[in-house]
Amino acid sequence: MRRSLYTADHDAYRETVREFLAREVVPFQEEWDRNRWIDRDVFARAAKAGIYALQIDEKYGGAGEPDYRYRMVVCEEIARITALSFGLTVSLQDDLVLHYLLDLTTEEQKQRWLPGFASGELIGALAMTEPDAGSDLRGIRTTAHRDGDRWILNGQKTFISSGIMADVVVVAARTGERHSLFVVERDTPGFERGRKLDKIGLPAQDTAELFFRDAVVPAENLLGEEGRGLAYLMSHLPRERLGVTAKAMATTRAIFDMTVEYCRQRKAFGAPLIDKQHVRFELADMATEIDVAQAYTDQSVLAYNAGELTPVDAAKGKWFVSELQKRVIDRCLQLHGGYGYMTEYPVARAYLDTRVQTIYGGTTEIMKEIIGRELAAGR
């Protein structure tokens with residue numbers, strides 16, 4: 001099915017992204033995975049090349065381009081080379097941290113932080129999840145209390161993507177009976193990084209525990225209004241979940257395309273795998289599901305651009321496409337046979353990297369609860 005999502009400008013941008021990835025990412029992927037660490041200098045080069053942070057206004061060093069279709073192009077090209085650890089870190093900036101900084105900061109805060117993001121010199125992280133609070137944000141226990149011209153933070157966060165690398169962390173904390181958001185900078189007294197967590201996938205993308213022990217945060221680092229933290233988190237979830245959907249859709253299609261080519265080339269019993277009816281039926285099933293999901297994803301992108309993507313519609317895409325990704329890549333691995341189990345093949349690495357997609361950004365079960373609540377309310 002022919003897609004009409006992109007214009008000539010997006011196609012030209014795709015060539016820029018593809019060239020950058022071939023030069024700056026592909027030669028280093030295996031080294032990053034072995035080291036469980038991405039060379040952070042690549043993000044400065046990526047920002048300079050316009051691979052992310054496009055939405056930052058020109059006066060802060062960005063391009064002032066809010067069109068989410070450019071993000072989709074980046075997702076698709078990163079998926080094509082299966083650089084999913086790199087892709088997640090880029091998504092963390094564009095779909096999470098920058099979205100908060102663009103929407104909630106004062107002019108003084110914008111001047112302090114946005115130029116660094118536009119140049120790739122600052123890397124950000126979002127710290128919501130705690131040992132006892134995942135999808136249930138109301139369970140957050142990290143506290144912040146005002147002490148003159150500063151806030152004192154105490155608590156622990158876990159599963160924080162880019163927690164080790166991050167220079168600035170948007171932290172959710174209780175302020176009395178409500179929640180507020182704070183920007184905690186790298187050298188904040190009382191802010192400590194815990195261990196880099198071992199994961200089954202996305203090895204080069206660091207995930208960490210963070211600790212706040214009487215961490216001293218200047219009053220001017222409050223993000224938005226005091227007491228509105230939960231409202232801010234909820235209002236920004238559609239963008240985060242669209243980001244997960246975009247990555248899931250791009251990776252699903254990329255691995256499927258690789259699998260079709262593998263089935264054309266791989267011979268069994270004297271003929272290519274694709275000559276077998278069962279294999280063709282498997283591919284036909286996946287091709288159909290992918291095209292249907294792609295249509296929903298593309299419409300979600302256009303709805304987001306128009307300011308019309310609702311939390312429920314974003315939840316539908318997030319759970320369905322991430323579950324599709326998990327299911328399709330599992331079937332693609334099966335069609336690769338023993339080779340699919342070897343990490344030298346992209347399908348094997350994608351299989352491991354995919355598993356978290358139905359968990360972070362809100363689990364599948366939480367997404368269904370969000371959708372179900374709206375149905376129950378009769379809206």
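**Pockets and cavities in a predicted model**

By class, the residues that line the second largest pocket are ten nonpolar, five polar and six charged. This pocket belongs to a predicted model, and about 400 Å³ of space lies within the pocket. Its lining is made up of 21 residues, and those nearest its centre are Asp33, Pro203, Thr343, Arg349 and Asp353. Three helices, α2 (29-35), α5 and α10, each supply at least two residues of this lining, and the largest share, four residues, comes from α2.

Rolling a probe the size of a water molecule over the atoms shows where empty space is left. With that idea in mind, the reader can turn to the largest pocket, which has a volume of about 1,400 Å³. Its lining consists of 49 residues, and Thr129, Ile359, Tyr360, Gly361 and Gly362 are the ones that lie nearest its centre. Of the elements that line the largest pocket, α7 gives the most, with eight residues. When the lining of the largest pocket is sorted by class, 23 of the residues are nonpolar, twelve are polar and 14 are charged.

From the pockets we pass to the cavities. The structure holds three cavities of 30 Å³ or more, and the largest cavity has a volume of about 160 Å³. It is lined by 17 residues, of which Leu84, Gly87, Leu88, Lys247 and Thr251 are the closest to its centre. Four helices, namely α4 (69-80), α5 (84-104), α7 (229-265) and α10 (346-354), each supply at least two residues of this lining, and the largest share, five residues, comes from α4. By class, nine of the residues that line the largest cavity are nonpolar, five are polar and three are charged.

Two packed helices are described by the angle between their axes and the distance between the axes. For α4 and α7, the axes come within 8 Å and cross at roughly 40°. The two helices are therefore oblique to each other, and their crossing is right-handed.

The lining of the second largest cavity divides by class into eight nonpolar residues, one polar residue and five charged residues.

Key: Residues numbered from 1 in each chain as written. Predicted model: local features only at pLDDT ≥ 70, side-chain atom pairs only at ≥ 80, totals over all residues. Heavy atoms only, no water. 1 Å grid on protein atoms, 1.4 Å probe; cavity = no way out; pocket = protein on both sides within 12 Å on 5 of 7 lines; lining within 4 Å. Points joined across faces, edges and corners; volume = space filled by probe spheres on them. Nonpolar A, V, L, I, M, F, W, Y, C, P; charged D, E, K, R; others polar. Axes fitted to C-alpha atoms, helices over the stretch in contact; angles between N-to-C directions. Parallel < 35°, antiparallel > 145°, perpendicular 65-115°, else oblique. Left-handed = near helix turned anticlockwise from the far one by under 90°.
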